[in-house]
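Here's a quick walk through one metal site and one loop. Have the model open as you read.

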Amino acid sequence: MLLIRLFVQSVVKSMGDKQHSEEVIMLKIGCHLSASKGYLNMGQEAWSIDANTFQFFTRNPRGGKAKDLDHDDIAAFLKFAEEHNFAPILAHAPYTLNPCAKDDRVREFAFEVMADDLRRLSYTPDSYYNFHPGSHVGQGIERGIELISELLNVILPENPGPMVLLETMSGKGSEVGSRFEELREIIDRTDLQDRVGVCLDTCHVNDAGYDIVNDLDGVLNEFDQIIGLQRLKAIHVNDSKNPFGSHKDRHEKIGDGTLGFTAIERVINHPKLRDLPFYLETPNELDGYAKEIAELRKVYIIHD
Ligand code: FE
Ligand code: FE
Ligand code: ZN
């Protein structure tokens, strides 16, 4: 099995710039990268560690203004991504984006940022926009859900752009989206449902109390019944520093936390998940990510 995998990877590599390998099944995996040097740089950095996608913040994670778009850089990246058969890239909204804040000014900021981010992402069509549904800060889950879908009902029709992904949350503080039912209700209340998907974060669901270590099938069945697996578009692959159901949200390196390597190996190989893109958000620098990607590629089962 390992030999087949190494062979397939060397074929993909040797096909080099011209390869379009629909028939070669490859793990789609990348990690969070800094956007400070632009898109092409992120693409090259990803490729240098054997990744074929990546995640990045659309702007400083604490908020603030995004850099002006460099259209030459985007064109160069799109060419690079096509030549290297990249999976969709994942843009992550800043943490300060809170669509269900109590404060009007904070909610206005969420509207402005999401609209601007989607406009910018319309230049990289093979992408997703991931965001944290938000924290209701004492207004209650129901009010939070209402405000989040109100935002989507204004922003999505006005801004073509990519599909937005609601991230599954750990439920720390007053976070909305730690239960599949909450995500389902946000989607139900949204007019343009075709534009809304879900990104499942393995650390967050563990911390939220979904037992993907001992009952991955059960959790995925529940996801399917409540949200629908066809809405699941991306996976954040992280181990967790905290116990099951702790509602904490602190990521750990793959294999060093509560989930452990075997549980994560099962996630990337699960028939219902294995074709999705996986994004690492583990506490690492580039070399640490390279190591995790190599380890996960090693255990990814390639079928004929
Ligand atoms: Fe996130
Ligand atoms: Fe995440
Ligand atoms: Zn997290």
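Predicted model: local features only at pLDDT ≥ 70, side-chain atom pairs only at ≥ 80, totals over all residues.

Residues are numbered from 1 along each chain as its sequence is written, chains are lettered from A and ligands numbered from 1 in the order written, and side-chain values use heavy atoms, leaving out hydrogens and water.

Start with the iron ion (ligand 2): Glu167 (OE), Asp201 (OD), His236 (ND1) and Glu281 (OE) coordinate it at 2.0 to 2.2 Å. Donors here are N, O and S atoms within 2.8 Å of the metal (3.2 Å for Na, K and Ca), and since water is not among the atoms, sites may look incomplete. Along the sequence, these donor residues follow the spacing E-x33-D-x34-H-x44-E.

Glu167 also bridges to the iron ion (ligand 1), with the two ions 3.3 Å apart. Glu167 sits in strand S5 (residues 163-167) and Glu281 in the loop between strand S10 (278-280) and helix H10 (286-299), so the pair ties together parts 114 residues apart in sequence. Helices (H or I, at least four residues) and strands (E, at least two) are DSSP runs, numbered from the N terminus.

Now for the loop between strand S8 (239-240) and strand S9 (251-252), where you'll find His247. Asp249 lies in the loop between S8 and S9 too. Neither is a glycine, yet phi is positive in His247 and in Asp249.

| Residue | Phi | Relative accessibility |
|---|---|---|
| His247 | near 55° | 37%, partly exposed |
| Asp249 | about 70° | 14%, buried |

Buried means under 20% relative accessible area, exposed over 50%, and partly exposed in between (1.4 Å probe, protein chains only).
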